[in-house]
Amino acid sequence: MAEREGGPRPGGRSARVQASVHRATRDLLARMDRAAVTIPLIAAEAGVTPSTIYRRWGELNELLADVAVERLRPDMVPVETGSGRGDLLAWAEQYAEEMASPLGREMIRDVLAAEGEAGPRRCCGYARQQIAVIAARAAARGEEFPDIDTVLDRVIAPILFRILFDEALATARVGRLVENALVSYDGGLSQRILGA
């Protein structure tokens with residue numbers, strides 16, 4: 001679909017078509033085996049022509065990735081426990097559990113199966129936003145907290161790697177990842193350990 005400069009109008013026809021196609025895709029995936037879902041089936045379910053879907057998404061993998069990215073968008077702010085450590089631990093445990101679920105694994109595979117980096121970058125952006133909320137709360141309480149990249153590298157990356165290529169991490173292991181991310185902000189312990 002040829003989009004105007006600045007993208008489609010929010011709330012315009014493009015948004016209605018996207019919502020309808022996303023809903024139809026989710027509904028079909030809930031009722032049918034994934035291998036049986038096709039663009040013509042999705043189009044019929046959404047009340048659009050297959051050419052509408054092909055123009056906008058190009059192929060099924062791209063559509064599935066777009067739907068997965070939207071489903072991976074957080075629908076609430078991280079729980080507030082009273083400390084940066086507690087907030088990060090609660091969020092990381094929930095993140096690991098959701099991503100390790102069969103649906104979470106399926107969505108991760110869909111995002112990675114699409115061409116380009118837009119889907120994975122949007123997903124990373126969602127994680128960054130959630131971590132930023134936790135970091136801002138910690139700063140408001142006067143707590144030291146690691147930068148977002150440290151949390152991504154020391155907490156999120158190991159969680160996703162294990163989900164994709166091994167068994168999901170147990171809750172206790174996720175807790176150790178969180179502690180590892182926080183340790184450099186607790187009196188410089190990690191610098192002494194690493195010899196920095």
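**Reading an all-helix list of elements**

Modeller: From the N terminus on, the elements run α-α-α-α-α-α-α-α-α-α. This is a predicted model, where local features need pLDDT of at least 70, side-chain atom pairs count only at pLDDT 80 or more, and totals for chains, interfaces and linings use all residues. Residues are numbered from 1 along each chain as its sequence is written, and side-chain values use heavy atoms, leaving out hydrogens and water.

Colleague: How many helices and strands are there in the chain?

Modeller: Helices (H or I, at least four residues) and strands (E, at least two) are DSSP runs, numbered from the N terminus. Here there are 10 helices and 0 strands.

Colleague: Which residues have the most contacts inside the largest nonpolar core?

Modeller: A nonpolar core is a set of buried Ala, Val, Leu, Ile, Met, Phe, Trp, Tyr and Cys residues joined through side-chain atoms within 4.5 Å. Buried means under 20% relative accessible area, exposed over 50%, partly exposed in between (1.4 Å probe, protein chains only). The largest core here has 33 residues, and Leu88, Trp91, Ile131, Phe145, Val155, Ile156 and Ile159 have the most contacts inside it. Helices supplying at least two residues each include helix 4 (60-72) and helix 9 (171-183). A second, separate core has 16 residues, among them Ala24 and Leu64.

Colleague: What is Ile131 in contact with, leaving aside neighbours within four places in sequence?

Modeller: Contact means heavy atoms within 4.5 Å. For Ile131, the partners are Trp91, Phe145, Ile148, Val151, Leu152 and Ile156.

Colleague: Why does Ala170 count as partly exposed?

Modeller: Ala170 counts as partly exposed because its relative accessibility is 48%. Ala170 lies in the loop between helix 8 and helix 9.
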